[in-house]
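Subject: Structure for your review

Dear colleague,

Please find below the structure that I am handing over to you, together with its sequence. My notes on what was found in it follow directly after.

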Amino acid sequence: MRKILIISFLSLASCRDKKVDFGKFDLQSFKTDRGGCEGKRVNLIEELKTIRPKILGLTENQIYETLGRYDFQILSRRNEKIFVFFLEKGPQCESIQNATQARSMILYFNASSLVKEVSFQFGSPVD
């Protein structure tokens, strides 16, 4: 019985989200530049590309804690989510529903809510 309790405790402890370390990446500028409308995120694009491997495998909660809230979310048919972060100013700044070709970072989550792909593109995946 004691072994079962220890194993259960260790399993629960390993499920907790761990603090993510992106080194010197300016998280505050990224978080406060919603939609890329203030021009702060555009200066962080190359750094984002270098930390891409650190983003892969993160949970939704870890993304919220480190990068902040997404600019918009897409739900796919198979319980997979897509988070879109715009990286530069564009028509989305006037209304998030506006079609845009502004640079964006797209995070694709699997059914387990882990980032499975990080893509950089122009516009959003639904345009």
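Among contacts in the chain (heavy atoms within 4.5 Å) between residues at least 6 apart in sequence, 51% join residues at least 24 apart. Please note that this is a predicted model, in which local features need pLDDT of at least 70 and side-chain atom pairs count only at pLDDT 80 or more, while totals for chains, interfaces and linings use all residues. Residues are numbered from 1 along each chain as its sequence is written, and side-chain values use heavy atoms, with hydrogens and water left out.

The chain has four helices and four strands; these are DSSP runs numbered from the N terminus, with helices being H or I of at least four residues and strands being E of at least two. Along the sequence they follow the pattern α-α-α-α-β-β-β-β. Of the 127 residues, 39% count as buried. Here, buried means under 20% relative accessible area, exposed means over 50%, and partly exposed lies in between (1.4 Å probe, protein chains only).

Nonpolar cores

A nonpolar core is a set of buried Ala, Val, Leu, Ile, Met, Phe, Trp, Tyr and Cys residues joined through side-chain atoms within 4.5 Å. The largest one has 22 residues, and those with the most contacts inside it are Phe-30, Ile-55, Ile-63, Leu-67, Phe-85, Met-105 and Leu-107. Two or more residues are given to this core by each of helix 3, helix 4 (60–67), strand 2, strand 3 and strand 4 (115–122). Helix 3 supplies the largest share, four residues. Apart from this core lies another, of eight residues, including Phe-72, Ile-82, Ile-106 and Tyr-108. As a general point, nonpolar side chains in soluble globular proteins tend to be buried together.

Not counting residues up to four places away in sequence, Leu-67 touches Phe-22, Phe-25, Leu-27, Phe-30, Lys-31, Phe-85, Met-105 and Leu-107.

Aromatic pairs and charges over rings

Rings of Phe, Tyr and Trp (its six-membered ring) pair if their centres lie within 6.5 Å; planes under 30 degrees apart count as stacked, over 60 as edge-to-face and the rest as tilted. By this rule there are eight aromatic pairs. Phe-25 and Phe-30 form a tilted pair, 6.1 Å centre to centre and with 50 degrees between the planes. Both Phe-25 and Phe-30 are buried. The rings of Phe-30 and Phe-85 have centres 5.5 Å apart and planes at 50 degrees, so this pair is tilted. Because Phe-30 lies in helix 2 and Phe-85 in strand 2, the pair ties together parts that are 55 residues apart in sequence. Phe-30 has a relative accessible area of 0%, and Phe-85 is likewise buried at 0% relative accessibility. Ring pairs link Phe-22, Phe-25, Phe-30 and Phe-85 into a cluster.

A charge sits over a ring if NZ of Lys or CZ of Arg is within 6 Å of the ring centre and within 35 degrees of the ring normal. The charged end of Arg-41 sits over the ring of Phe-30, 4.3 Å from its centre. For Arg-69, the charged end sits over the ring of Tyr-70, 4.7 Å from its centre.

The disulfide

The structure holds one disulfide (a pair of cysteine sulfur atoms within 2.5 Å). Cys-37 is joined to Cys-93, with an S to S distance of 2.0 Å. The pair links distant parts of the chain, 56 residues apart: Cys-37 is in the loop between helix 2 (27–32) and helix 3 (45–55), and Cys-93 is in the loop between strand 2 (81–86) and strand 3 (103–109). The torsion about the S-S bond is about -105 degrees, so the disulfide is left-handed. Cys-37 is partly exposed, with a relative accessible area of 25%, and Cys-93 is partly exposed at 28%.

Two strands pair if DSSP finds at least two bridges between them. Strand 3 and strand 4 pair in the antiparallel sense over seven bridges, and Met-105 stands opposite Phe-120 in strand 4. The hairpin of these strands has five residues between them, and there Ser-113 takes a positive phi near 65 degrees.

Ile-45 lies in helix 3 and is buried, with a relative accessible area of 5%. Leaving aside neighbours within four places in sequence, Ile-45 is in contact with Leu-87 and Arg-103. Ile-45 and Arg-103 are 58 residues apart in sequence and 9.2 Å apart in space, C-alpha to C-alpha.

With kind regards
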